[in-house]
Each structure stands twice: as structure tokens, then as C-alpha cells.
Amino acid sequence: MRMICGFLGGTIVAVESGYKVFPHPKPEKIYNRLSDAKWFLALRWCDNLSIPAGIINNTGALSFFNQIVLKMGEEKFIPQKYRADIFTRCLSLQPNETVTYNLVSNNRTLEIQAVEIDSRYGKVALVREISK
């Protein structure tokens, strides 16, 4: 079975022993599971942005964030009290659909995009700041 798909600016190719991701810093790297390849691309998406960005999982936790958020603080980026609501908003989104979310407490606007990385856990919310 041959599979090639685009995901968050990268390409995943099924090979005999698993899945390869392009581009990748180690081109010989093979992931055993499709979800591992998708997770790598989701982290890379987040890390490559020059604005605050993170990933909220199904428990409402900010499971990953980029260096900008690390410097500013994850609570300043998305206060804990908003994370579950942001995740809930992502559940109804279709692939490539986004929605904005206004953080009134600090006068910032976030963009939320839902992606399914691992079917066992459902969607995660990719979140990035689009304005202050």
C-alpha cells in the first residue's frame, strides 16, 4: 500500500517499514506509526512560527509551545482558564478551517485550527497569536 500525504507543510510517505517525513533533519528517520510522523510535523509547525504558538490537547493542556511562548510564559500566552474552551471550539472545525478566539483579559486574538494526529485521542488544537 502506497501513501503520500501533505500535513502541516510537510509530506508523509509510507515506506515498507513505516513512515518517512519530508523535509526532516534526519532524512533516514522512519516513524513506526503515522501518528508519530504527524506529531513531528505538528511540533515543527509550531516551532517554525515567528509568533507565539502552541498545541492544546484533549485534556485542555498546552502540550507543546514554541520558544517565543517559553520566553513569555505559557500562562501569559493562554491563561489556563481559557484552554478547555479553546479546545472545545476546535472540535467542530473541519480540516483546514480556522476560527478566531479573543482573549479579552489581555487584548489578544488567537487563531485556532483543529487537526487529528492520533485517532485514539481525537483532535488537537493548533493555536497561534494573530494580533495583540
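User: What makes a stretch of this chain a helix or a strand?

Analyst: Helices (H or I, at least four residues) and strands (E, at least two) are DSSP runs, numbered from the N terminus. This is a predicted model; local features need pLDDT of at least 70, side-chain atom pairs count only at pLDDT 80 or more, and totals for chains, interfaces and linings use all residues. Residues are numbered from 1 along each chain as its sequence is written, and side-chain values use heavy atoms, with hydrogens and water left out.

User: Where does Arg89 sit, by that definition?

Analyst: Arg89 lies in helix H4 (residues 80–90).

User: Why is Arg89 called neither buried nor exposed?

Analyst: Buried means under 20% relative accessible area, exposed over 50%, and partly exposed in between (1.4 Å probe, protein chains only). Arg89 has a relative accessible area of 40%, so it is partly exposed.

User: What does Arg89 touch?

Analyst: Contact means heavy atoms within 4.5 Å. Beyond its neighbours within four places in sequence, Arg89 is in contact with Thr100, Tyr101 and Ile112. Arg89 and Ala125 are 36 residues apart in sequence and 8.7 Å apart in space, C-alpha to C-alpha.

User: What makes S1 and S2 a pair?

Analyst: Two strands pair if DSSP finds at least two bridges between them. Strand S1 (residues 4–7) and S2 have 4 bridges, so they pair. They run antiparallel. Cys5 has Ile12 in S2 as its bridge partner. The two strands form a hairpin with 2 residues between them, and Leu8 in the turn has a positive phi of about 50°.

User: How many bridges join S2 to S3?

Analyst: There are 5, and the strands run antiparallel.

User: What joins S4 to S5?

Analyst: Strand S4 (residues 53–56) and strand S5 (residues 62–65) run antiparallel, joined by 3 bridges. Ile56 stands opposite Leu62 in S5. This hairpin has 5 residues between its strands; Gly60 in the turn has a positive phi of about 85°.

User: What makes a group of residues a nonpolar core?

Analyst: The residues must be buried Ala, Val, Leu, Ile, Met, Phe, Trp, Tyr or Cys, joined through side-chain atoms within 4.5 Å. The largest such core has 22 residues; Phe7, Leu8, Ile12, Val21, Trp45 and Val115 have the most contacts inside it. H1 gives the most to this core, with 7 residues. A second, separate core of 17 residues includes Val69, Phe87, Ala125 and Val127.

User: Which residues does Leu8 touch?

Analyst: Not counting residues up to four places away in sequence, Leu8 touches Leu41, Ala42, Arg44, Trp45, Gln113, Val115 and Leu126.

User: What makes a space a pocket rather than a cavity?

Analyst: Both are sets of points on a 1 Å grid over the protein atoms alone. In a cavity a 1.4 Å probe fits but cannot get out; a pocket is an open set with protein on both sides within 12 Å along at least five of seven lines. Lining residues have an atom within 4 Å of a point. Grid points are joined across faces, edges and corners, and a volume is the space filled by probe spheres set on the points. The largest pocket holds about 210 Å³. Its lining includes Ser35, Trp39, Asn57 and Lys123.

User: What lines the second largest pocket?

Analyst: Phe7, Leu8, Pro95 and Lys123 are among the lining residues. S7 gives the most, with 4 residues. The space is about 150 Å³.
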